[in-house]
Amino acid sequence: MTQASRGETLFERLIASVLRHALRLTLLPTFRAGRPIPEQRGRLARVTRLTLQARGVEFTQAECGGVPGEFVQTGHPANPSCTILYLHGGAYCVGSASTHRAITSHIARRTSSRIFVANYRLAPEHPFPAAVDDAVAAFRALLGDAASSQHVAIIGDSAGGGLALAAALRLRELGEPLPAALVLFSPWVDLGDQDRGDEPAGEAMLTRAWTAECARLYLAGHDSADPLASPIRGDLRGLPPTLVQVGCEELLLSDARRLHAALAVADVPAELQEYPRRWHVFQVNAGVLADADRALESAARFLRERG
């Protein structure tokens, strides 16, 4: 485990404070238990239109393996050594390729890779295991695409991080090729009733009540201990090299730490990077927050080393 601790300048502290406050004003009310899911989706779409996307990045609507989504890449030729499947967060109930452009565009700029962001099916309309099936289908299509190399990595944030891990478990179960690497931002890997304690004082968007409600909608009565729903509970042996990044002031810090420990026991090459004073999926603030830029640079370097 590495902790990305460093002295912040006064300007960086000010930027971080403003961003945290803005997230609390916009996303905490959006991700509220009891608010209708369609309303949450609409609010999230409106809020994320204000986020900062990287310049010089193209978004192209497409399908992979029957899964809708979009390709994200820079105008110059993509890195031939790496294609990325990106699985967005949103607790399996909200989110889309368009709501996560602030992060996928910056990844595209830093890796020069061709990225497919999957609009996998969401609960409650499509409960478990629809998201897993879609992630596997999209990965298969990318792996078989002549425009892709044989090196397809998966990146996911929050629920998408758990989904990335679940997809790798499912691929291994089927005896199919695995991703070249996994990069997981604040992964949600346990949908059970594990006591994570109260929300940290610095948490900017998640609450226990909301994640519990979304888990219930996604599982729709299915056992949360199923490794394809809660991959921390599965046999992780043989999985690809994995990078986990997490903020130290977020609800899912314990998930990241437990996952890193489980990967070590399973002899999976894994690195955990903790960022003090940072919130859930802070990487979405790339281009504004220095730590977000550092985290994405580290993720890009991790992928290059395994390309």
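The model is a predicted one, in which local features need pLDDT of at least 70, side-chain atom pairs count only at pLDDT 80 or more, and totals for chains, interfaces and linings use all residues. Residues are numbered from 1 along each chain as its sequence is written, and side-chain values use heavy atoms, with hydrogens and water left out.

Strand β6 (residues 152-157) runs parallel to β7 (residues 182-185), to which four bridges join it; two strands pair if DSSP finds at least two bridges between them. Five bridges join β6 to β4, also in parallel, and V152 is the bridge partner of T83. Six of the six residues of β6 are buried, so the strand is largely enclosed by the rest of the structure; buried denotes under 20% relative accessible area, exposed over 50% and partly exposed the range in between, with a 1.4 Å probe and protein chains only. V152, I154 and G156 point one way from β6, whereas A153, I155 and D157 point the other way. Together with helix α5 (residues 159-173), β6 and β7 make a right-handed β-α-β unit, in the sense that the path from the first strand over the helix to the second runs clockwise with the strands pointing away from the viewer.

Helix α6 (residues 208-219) has twelve residues and reaches 16 Å from its first C-alpha to its last, close to the 16 Å expected at 1.5 Å a residue, the expected span being 1.5 Å times one less than the number of residues. Its buried residues include W210, C214 and Y218. Elements in contact with the buried residues (heavy atoms within 4.5 Å) include α2 (37-48) and α4 (130-144). The helix is followed by A220, whose phi is positive, near 50°.

Six aromatic pairs were found in the whole structure; rings of Phe, Tyr and Trp (its six-membered ring) pair if their centres lie within 6.5 Å, and planes under 30 degrees apart count as stacked, over 60 as edge-to-face and the rest as tilted. Y92 and Y218 are stacked, at 3.9 Å centre to centre and 5° between the planes. This pair links Y92, in the loop between β4 (83-87) and α3 (101-111), with Y218 in helix α6, 126 residues apart. Both Y92 and Y218 are buried, and together with F128 and W188 they form one aromatic cluster.

Terms used: Helix = DSSP H or I, 4+ residues; strand = E, 2+ residues; numbered from the N terminus.
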